[in-house]
Amino acid sequence: IFSPAYIQLGVGVYWKESNSLWVNFAPITGRLILGSKKFTNDLGEGEEYFGIPRGQNSRFELGASISAYYKFELVENVTIEQRVNLYSDYLYKADNIDVDYTLSAFMKINDYLSTTLIVQCLYDDNAIKKIQLREVFGLAFVIDIMEIPKII
């Protein structure tokens, strides 16, 4: 189902000013990347699938991780959230840093409509040696089911 799947566990320091701002620094972080052999068996010599070598189904990394979150209200009814996750593998190219940055904007239009815009920028040297961008736009119709009997 999940190929690849990332499992990450670290020991470090977590600082939280509020629910809107926190930073987690873990200088000792283990990361396990799992993938199906269905994808790795057919790889050519020296090729990798998300860092997993040919014929294998996992890759273990040991490194450092920094994660941060910041949320604020830009203007009335517009909330911005930012998340950044950085990871460096001590065992393989410690100077390469995996970057995962997400910017989310939540906007309330009125009592019944809201919208969300999410932009994610991802760079992982093991996955694809290029910057990946993802954008999600959502428009929601909001109705309180407890209000339906009052409307009818």
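Gly 44 is located in the loop that connects α1 (37-40) to β3 (48-49), where helices (H or I, at least four residues) and strands (E, at least two) are DSSP runs numbered from the N terminus. The model is a predicted one, in which local features need pLDDT of at least 70 and side-chain atom pairs count only at pLDDT 80 or more, while totals for chains, interfaces and linings use all residues. Residues are numbered from 1 along each chain as its sequence is written, and side-chain values use heavy atoms, with hydrogens and water left out.

Gly 44 has a relative accessible area of 25% and is partly exposed; buried denotes under 20% relative accessible area, exposed over 50%, and partly exposed the range in between (1.4 Å probe, protein chains only). The C-alpha atoms of Gly 44 and Arg 54 are 7.2 Å apart in space, with the two residues ten apart in sequence. Arg 54 in turn forms a salt bridge with Glu 45, the closest N and O atoms being 3.1 Å apart; a salt bridge is defined as a side-chain nitrogen of Lys or Arg within 4 Å of a carboxyl oxygen of Asp or Glu. Of this pair, Glu 45 is exposed at a relative accessible area of 72%, whereas Arg 54 is partly exposed at 43%.

By the salt-bridge rule, the count for the model is six. Arg 31 is paired in this way with Asp 98, at 2.9 Å between the closest N and O atoms. Salt bridges link Arg 31, Arg 59, Glu 61, Asp 89 and Asp 98 into a network.

Strand β2 also contains Thr 29, which is buried, with a relative accessible area of 1%. When residues up to four places away in sequence are not counted, the contacts of Thr 29 (heavy atoms within 4.5 Å) include Gln 8, Leu 9 and Gly 10, as well as Glu 61 and Tyr 87.

The strands β1-β2-β5-β6-β7-β8-β9, in that order, form an open sheet of seven with antiparallel pairing, two strands being paired if DSSP finds at least two bridges between them.

Strand β6 (residues 78-89) is joined to β7 by eleven bridges in the antiparallel sense, with Ser 88 having Ile 97 in β7 as its bridge partner. The antiparallel pairing of β7 with β8 extends over ten bridges, and Phe 106 stands opposite Thr 116 of β8. These two strands, β7 and β8, form a hairpin with four residues between them. Strand β8 (residues 113-124) and β9 run antiparallel and are joined by eleven bridges; Gln 120 has Arg 134 in β9 as its bridge partner.
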